[in-house]
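I opened this notebook to keep track of what I looked up, one entry at a time. The entries follow the order in which I went through the structure.

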Number of protein chains: 2
Amino acid sequence: MQVLKDKIQAEGVVVQNSLLKVDSFLNHQIDPNLMMQIGEEFALRFKNSNVTKVLTIESSGIAVAIMVGLVLQVPVVFARKKKSAVCNDDVYSTTVYSFTKKESNYVTVSTELLTAGENIMIIDDFLANGEAALGLTNIVEQAGANVVGIGIVIEKAFQPGAEKLKNAGYRVESLVRIQSFSNGQVNYV
Amino acid sequence: MQVLKDKIQAEGVVVQNSLLKVDSFLNHQIDPNLMMQIGEEFALRFKNSNVTKVLTIESSGIAVAIMVGLVLQVPVVFARKKKSAVCNDDVYSTTVYSFTKKESNYVTVSTELLTAGENIMIIDDFLANGEAALGLTNIVEQAGANVVGIGIVIEKAFQPGAEKLKNAGYRVESLVRIQSFSNGQVNYV
């Protein structure tokens, strides 16, 4: 997606050739017009998937997911992250380890918000090791619903997340795929 | 805002005559069309305020704020909540106590994302004791920017938040104002 590559080129900050900071338009400040363009792009890619609901995880996925929901005219659910285990019959839950933050979170969705047989599109901002996305697929499957695919804004293709998800049988649609960082620049697949 | 009252009537759940759960359209599942209507309403109310940026706090404020930003064509910033203190010159920070969760959070915004002289519109989903909104005004003022007003989706008018904010000189615009709960019903001001 060229407009996203242009934005990363203009405003992204590569830290120590390993991390891409996009705090000016995605992860802290958010560019509403770019979110709408991203929403339209994901909606286009999944237009034949009969999506009934969009599922993301707080916080950075929400702005993207709400635009996808707006274009596809379906509700959006964001999974909640908690530090402590949830012992509650009213939620589907799973554990997600963050390699970036070196911590585990319990991720929950109210059982009322996912129904067996629904077609769920998962949205997240970044895909690296795939832990968050896999956690969300786990939750969808606890509900007996179908994962129609996983939409990712920025994939770090040199990390194993996308391959793990594809090997598990999921469709992965990434808007940009980063192959490497070099000299403070982003190289795409 | 009648459409919001209708939605609360249809889907809101009053718990023990003290708490309103709106997990089906605002706090966990999100209705994108309602968010757009809310965004348009806030944009209309602040159309003469020369808003340059929308500021909210993760997570439930994000979906509302992004629609306001889309309609007003300005960027959105969400403040981050952290459990532990942040000792970092690169952020504005404040402490916000949540009466609901009985815990304090450190709330931060990168100094790069707020500029002196900007006109900031603050958005949040609920206003009860006003701690979160006051924390955000504090952060805006650390940056030397102006708070043009505070847009609230659901105000609990029987709690002191709105009065505290107005006494501090801020314009508060709440889309619905709840006076009380009785017999599982919501009574508006």
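Through which surface do the copies meet, judging by the interface residues of chain A and chain B? I noted at the outset that this is a predicted model, and then compared the two sides: 100% of the interface residues of chain A are also interface residues in chain B, so the copies meet through the same surface.

**Entry: relation of the copies**

I superposed the chains next, and found that chain A can be laid on chain B with an RMSD of 0.0 Å by a turn of 180 degrees and a shift of 0.0 Å along the axis. That is the relation of a two-fold axis.

**Entry: the interface**

I counted 21 residues of chain A in contact with 21 residues of chain B. On the side of chain A that touches chain B, the elements giving two or more residues are strand 3 (29-30), helix 2 (32-45), helix 3 and strand 5 of chain A, and helix 3 of chain A supplies the largest share, five residues. Sorted by class, that side of chain A has 13 nonpolar, five polar and three charged residues.

**Entry: chain A as a whole**

I list five helices and eleven strands for the secondary structure of chain A. For 189 residues a compact globule would have a radius of gyration near 16 Å, and I note that chain A agrees, with 16 Å. Along its principal axes the C-alpha trace of chain A spans about 50 × 35 × 30 Å, and 48% of the 189 residues of chain A count as buried. When I took the contacts in chain A with a separation of 6 or more, residues 24 or more positions apart accounted for 60% of them.

**Entry: helix 2 in both chains**

I checked the length of helix 2 of chain A, which has 14 residues and reaches 20 Å from its first C-alpha to its last, close to the 20 Å expected at 1.5 Å a residue. For helix 2 of chain B (residues 32-45) I made the corresponding check: its 14 residues should span 20 Å at 1.5 Å a residue, and its end C-alpha atoms are 20 Å apart, which agrees.

Which residues of helix 2 of chain A are buried? I find A:Pro32, A:Leu34, A:Met35, A:Ile38, A:Gly39, A:Glu41, A:Phe42 and A:Ala43. In helix 2 of chain B, the buried residues are B:Pro32, B:Leu34, B:Met35, B:Ile38, B:Gly39, B:Glu41, B:Phe42 and B:Ala43.

**Entry: strands 8 and 9 of chain A**

I looked at strand 9 (residues 146-156) of chain A and found ten of its eleven residues buried, so this strand is largely enclosed by the rest of the structure. Strand 8 (residues 119-127) of chain A pairs with strand 9 of chain A in the parallel sense over eight bridges, and A:Leu127 has A:Glu155, in strand 9 of chain A, as its bridge partner.

**Entry: A:Thr52**

I placed A:Thr52 in the loop between helix 2 and strand 4 of chain A, where A:Thr52 counts as partly exposed because 17 C-beta neighbours lie inside 10 Å. Leaving out residues up to four places away in sequence, A:Thr52 touches A:Val74, A:Glu118 and A:Asn119. The C-alpha atoms of A:Thr52 and A:Phe25, 27 residues apart along the chain, are separated by 28 Å.

**Entry: backbone exceptions**

I kept in mind that most residues other than glycine have a negative phi, and most peptide bonds are trans. Where does a cis peptide bond occur in chain A? I find a cis bond joining A:Glu58 and A:Ser59, with omega about -5 degrees, and A:Ser59 has its place in the loop between strand 4 (53-57) and helix 3 (61-72) of chain A. In chain B a cis peptide bond joins B:Glu58 and B:Ser59, with omega about 0 degrees, and B:Ser59 sits in the loop between strand 4 (53-57) and helix 3 (61-72) of chain B.

A:Gln73 is found in the loop between helix 3 and strand 5 (76-82) of chain A, and is exposed, with 10 other C-beta atoms within 10 Å. For A:Asn183, a residue other than glycine, phi is positive and near 50 degrees; A:Asn183 lies in the loop between strand 10 (172-182) and strand 11 (185-188) of chain A, and is exposed, with 7 other C-beta atoms within 10 Å.

Definitions and conventions. Residues numbered from 1 in each chain as written. Chains lettered and ligands numbered in written order. Predicted model: local features only at pLDDT ≥ 70, side-chain atom pairs only at ≥ 80, totals over all residues. Helix = DSSP H or I, 4+ residues; strand = E, 2+ residues; numbered from the N terminus. Buried ≥ 20, exposed ≤ 12 C-beta atoms within 10 Å, placed from the backbone. Least-squares fit on C-alpha atoms with pLDDT ≥ 70 in both. Contact = placed C-beta atoms within 7 Å. Rg over C-alpha atoms; globule rule 2.2 N^0.38 Å. Expected span 1.5 Å × (residues − 1). Nonpolar A, V, L, I, M, F, W, Y, C, P; charged D, E, K, R; others polar. Pairing = 2+ DSSP bridges.
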